[in-house]
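Please find below a short note for colleagues who are meeting this structure for the first time.

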Amino acid sequence: MPSAPTGLHHVTAIATDPQRNADFYHGVLGLRLVKTTVNFDAPDTYHLYFGGESGQPGTLITFFPWPGAPPGRHGAGQATAVAFSVPEGSLGWWRERLRARGADVGTVAHRLEEEALPVRDPDGLGLELVAHRQADAAPAWEGGPVPDEHAVRGLHSVTLTEAGYEHTAGLLTDTLGFRFAEEANNRFRFATGEGGAGGLVDVVCRPEVPQGLVAAGTVHHIAWRTPDDDEQVSWREALVGQGLNVTPVLDRQYFHSIYFREPGGVLLEIATDPPGFTVDEPLMRLGRALRLPPWLEPSRAEIEQALPALRVPGPDEEIVLGGRTAAEA
Ligand code: ZN
């Protein structure tokens, strides 16, 4: 077996309005828009990547914003919460900030020796800010709208809501190499890599809830890190050997990917750390131009015209990408 994933790589979810999405993840949560590209399988749709300064694996949440997409249903067989790390003692500050900006924010809950603040994004996606002491060890992006002392430090964990427990737990531990970490109130935590923030998945068993439906406001898939292409190929062989259906290796331009479903129905990905987000634009300019993979460059004019207008946040002049205005939509 190849070695267990080193942690979370990214989470990809579905949104509706790209501007509202960017205004929330950059403007409110303070993440950097590190790549503005299109859905390679549907290039009339943006693919927006938000994360740390360089978009390092483990800091990333990405979106397919489909204007007018129907809302999904939160339920079993789904990743129902995406948690980010924030420094200890900053949840009060965050709760005020989120409330002041009209976000659907809950109250701080204590669980598994952490404090977690739940909030929904503008499309209803379940997020959590988890405050813990080790968060300070990770760098904050200094160019964002949130002060360093409170800034998001990357992904903390994801929560899977499942109708059953054994098969998902078995895949995590027996096949993927995760370790059982702890359990409380029907929340089973597994860890990979060094463990701790960025390498955690919680499985919550909820046989009474209906199956989830993937659409706007829900997670599309969860990606786990592997260091290189050789290791990814080993993973593919190992997963196929376990009887799973696995995609071929797909070139996502900023990493390479394989996808498969865990037994409860959640789509998982194993993604390589390289080449990363500076492969096609400099660190200083990340996210501030529409980037296309080489095979879509010949269609750039049509693609730009078909995309909704998007004001890209940045330190200097405002940049507007895409050609279609709201009036034409
Ligand atoms: Zn992905």
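**Notes on the predicted model**

1. The face of α2 turned away from its buried side carries the exposed residues G92 and A100; exposed denotes over 50% relative accessible area and buried under 20% (1.4 Å probe, protein chains only). The model is predicted, with local features needing pLDDT of at least 70, side-chain atom pairs counting only at pLDDT 80 or more, and totals for chains, interfaces and linings using all residues. Residues are numbered from 1 along each chain as its sequence is written, and side-chain values use heavy atoms, with hydrogens and water left out.

2. Helix α2 spans residues 91–100, and its buried residues are L91, W94, R97 and L98. These residues lie on the same side of α2 because they cover an arc of only 120 degrees around the axis, the arc being that of the directions from the helix axis to the C-beta atoms. Helices (H or I, at least four residues) and strands (E, at least two) are DSSP runs numbered from the N terminus.

3. The buried residues of α2 pack against several elements, including α1 (18–28) and β5 (78–87). After α2 comes G102, with a positive phi near 80 degrees.

4. The zinc ion has as protein donors H10 (NE2), H221 (NE2) and E269 (OE), at 1.9 to 2.0 Å. Donors are N, O and S atoms within 2.8 Å of the metal (3.2 Å for Na, K and Ca); water is not among the atoms, so sites may look incomplete. Along the chain, the donor spacing is H-x210-H-x47-E. H221 lies in strand β14 (residues 219–226) and E269 in strand β17 (residues 267–272), so the pair ties together parts 48 residues apart in sequence. Both H221 and E269 are buried.

Conventions
Contact = heavy atoms within 4.5 Å.
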